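Opening my notebook on this one. I'm jotting down what I looked up, entry by entry.

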Amino acid sequence: MSSRADPSTAQLLEAPCRTVMRGSTSPMEDAAAERRKATFDSEELAAFLAEGKDNLLRREELVKLLSSQPWGDKTHRYFLTREQEYVCGLEAMVGMWKIMREQRMSMEDGIAMRSLAYFPGGLELHIGMFIPTILSQGTPEQQAKWMPLSNRLQVIGTYAQTELGHGTFVRGLQTVAVYDESARQFVVHSPCLESTKWWPGGLGKTATHVVLMARLFVKGRDYGPHAFVVQIRDLDTHLPLPGVTVGDIGPKMGYNSVDNGFLSFDHVRVPREAMLMRFAQVTEEGRYVPPPPDNQKASYATMVYVRATIVRDSGDFLSRAVTIATRYTAVRRQTASKLGEPEVQVLDYDNVQQTLLPLMARAYSFVFMGRSMMHMYNSFDAARARNDFVALPELHALSSGLKALCTDVTAAGIETCRRQCGGHGYLLASGLPTLFNSYVQNCTWEGDNSVMYLQTARYLIKSAMAAQAGKPLTGSAQYLSAASQQAGARCGVSSPADWCSPAHQLAALTRVAAQLVAQAAQVLARAGGGRLSFDGEAWNSSTVDLIRAARAHASLYLHQNFVDCVEAAAEQRELGDTTAAVLRQLVQLHGVSLLMEVAGDLQEGGYCTGRQAGMLREQQRALVYALRPNALALVDAFAYPDYQLNSALGRKDGNVYQALLDSARINPLNATPEGPAYKPVLQALLNPEVRSRM
């Protein structure tokens with residue numbers, strides 16, 4: 001840094017500067033020292049999480065490719081206007097699509113590029129719901145028509161289900177598609193203000209077509225919501241077609257590069273073939289052919305897929321936030337007991353590490369759950385191709401409950417990470433506000449979380465009823481078969497360390513889940529006058545207990561999956577002993593943290609004593625202390641490039657303060673020394689000559 005001080009001034013300041021710099025440390029050196037503390041090889045774990053070193057190398061190649069594109073430059077990302085966000089986000093999405101086609105990249109490369117660039121655009125639902133819906137619900141002929149056009153972006157679609165007046169209650173949708181057998185067409189109409197489609201991403205200014213969910217009427221009979229492919233914009237002019245009113249809904253809390261839109265129809269006619277007819281059909285003469293009895297809920301498949309991807313993505317987003325917060329608190333120092341001594345690393349404060357390390361365990365559990373969730377969906381998809389829908393109820397219940405649990409925890413966890421970063425976490429340059437604002441929509445998108453929990457609860461209550469009737473249970477609710485026999489079991493923990501045992505943890509979580517399902521069933525039965533009712537006043541007055549039961553069930557499944565995945569990796573020698581040992585500690589911390597949340601239920605049900613419950617807190621502290629030396633190595637194993645995080649605080653090299661200053665210097669508000677408000681506002685107030693002329 002150049003100095004404008006004369007020698008005497010520099011000499012005057014030399015001793016005071018030396019005094020205040022005493023005890024100062026370099027954040028880069030702190031980051032390096034943190035990594036030297038690790039007891040395992042973070043690169044080995046990174047390769048495992050990425051499913052191979054080749055994928056890590058490919059990720060580096062993709063970062064170089066993306067950062068070389070004009071639309072891939074993230075330097076000014078946090079300074080864009082709403083219109084710039086929309087245009088640049090769409091440019092990025094189209095740019096990645098072009099690269100994929102030109103270089104004949106795999107779908108895996110496309111998904112990786114989307115995650116690395118992290119610039120959502122108007123193609124989100126074209127890729128995420130329009131195409132999957134056509135593939136899952138379209139006939140071979142319909143797929144042959146629409147898929148080539150969709151893959152070449154000659155049409156751009158979205159998924160229009162939610163309305164101003166209806167969201168999760170799909171059966172109550174008010175947009176209608178009435179079949180006119182004389183013309184062999186459907187008449188699509190929005191009969192009231194509340195029937196206006198509202199929220200679909202890409203609908204506002206991008207999409208040319210929609211998969212429209214509308215109530216099907218044939219010969220006056222209401223057959224409920226069905227899917228139709230409907231064109232809404234002219235392919236030459238991009239103007240709305242006659243009878244179509246469409247636009248952007250306006251600025252949102254986040255995700256503003258995506259043009260969420262509104263849409264209504266005024267007696268718009270579409271051909272009979274617009275209805276997706278893989279399962280249900282309407283013949284030319286107007287006869288409704290229902291889907292086979294065993295796959296009447298085939299339309300749920302698309303929603304299940306989207307919820308499975310939300311579960312998968314929760315691990316990605318939470319681990320990004322934990323990475324930023326852990327890296328920053330490891331190099332940020334705050335307060336010394338004596339002036340001149342090095343200040344304490346923020347991560348060494350008990351409250352900070354007791355907050356971040358359990359969140360880190362959560363992030364890892366979500367990563368493993370995401371893998372398993374997609375594997376379950378892919379297995380179901382293969383079975384569905386054979387018209388086998390046996391797994392759908394279980395998958396629907398699991399994906400609903402886990403979607404709610406994972407998004408609740410992730411949204412809250414990102415904000416918790418931001419707070420751990422202090423004032424600097426409030427800056428967009430930290431990456432955390434944008435991460436939160438763009439992610440939190442997942443708590444209400446694709447089903448409000450309370451409703452998602454209730455769908456899982458419905459499955460659980462029905463499973464409990466089946467178990468009481470002596471019917472065998474399979475899948476995630478199988479533990480309910482033995483719930484009555486296990487009601488008298490007591491916790492066998494005699495020391496804090498006992499709570500590290502997967503057997504003790506799973507036994508306690510199973511007990512809580514069974515107990516809360518039983519309690520919810522009792523509350524529901526009382527509300528229904530002794531009868532279990534799945535709708536109406538009885539159900540609506542029991543939702544608190546039902547949601548608690550569903551959350552406990554999802555937590556149990558989540559932890560069981562975490563245990564199983566880590567143990568399988570260790571047994572198959574996919575991980576070295578030291579790496580497996582650290583992952584097992586994370587599993588233990590995850591289980592203890594979950595149990596601390598339900599310690600009151602454990603005691604209320606008589607499963608454990610207050611002393612045993614108190615041991616949970618003691619063991620959590622011990623596990624956090626044991627994991628503390630590996631904190632930075634564990635987030636390094638997520639292998640997020642600086643390009644992807646786009647965070648001044650989450651830099652891998654620890655050079656956070658320089659990054660903050662660099663970000664401030666490119667702020668458009670600093671384009672001129674005096675600032676944009678000086679002449680129009682401040683000059684008249686501050687300049688005497690100008691003031692005298694007023």
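At what angle do the axes of H15 and helix H17 cross? I'm working from a predicted model here. I found that the two axes come within 8 Å and cross at roughly 160°. Angles over 145 degrees count as roughly antiparallel, so H15 is roughly antiparallel to H17. I also noted that H15 passes H17 in a left-handed crossing.

Next I checked who touches whom. On the H15 side I listed residues including Leu506, Leu509, Ala513, Leu516 and Val517. On the H17 side I picked out, among them, Ala549, Ala552, His553, Leu556 and His559. Sorted by class, the contact of H15 with H17 has 14 nonpolar, six polar and two charged residues.

Then I looked at H15 again, with another partner. The axes of helix H13 (residues 449–468) and helix H15 (residues 502–527) come within 10 Å and cross at roughly 90°. That makes H13 roughly perpendicular to H15. Leu460, Ile461 and Ala464 of H13 meet Val517, Ala520, Ala521 and Leu524 of H15. I sorted these too: seven nonpolar, no polar and no charged.

Last entry: helix H1, residues 7–21. How far apart are its end C-alpha atoms? I got 20 Å, and with 15 residues at 1.5 Å a residue the helix should span 21 Å, so the two agree. H1 does have a kink of about 35° at Glu14, shortly before the proline Pro16. After H1 comes Gly23, and I noted its positive phi, near 90°.

Key:
Residues numbered from 1 in each chain as written. Predicted model: local features only at pLDDT ≥ 70, side-chain atom pairs only at ≥ 80, totals over all residues. Heavy atoms only, no water. Axes fitted to C-alpha atoms, helices over the stretch in contact; angles between N-to-C directions. Helix = DSSP H or I, 4+ residues; strand = E, 2+ residues; numbered from the N terminus. Parallel < 35°, antiparallel > 145°, perpendicular 65-115°, else oblique. Contact = heavy atoms within 4.5 Å. Nonpolar A, V, L, I, M, F, W, Y, C, P; charged D, E, K, R; others polar. Left-handed = near helix turned anticlockwise from the far one by under 90°. Expected span 1.5 Å × (residues − 1). Bend = angle between axes of the 7 residues up to and from the residue.
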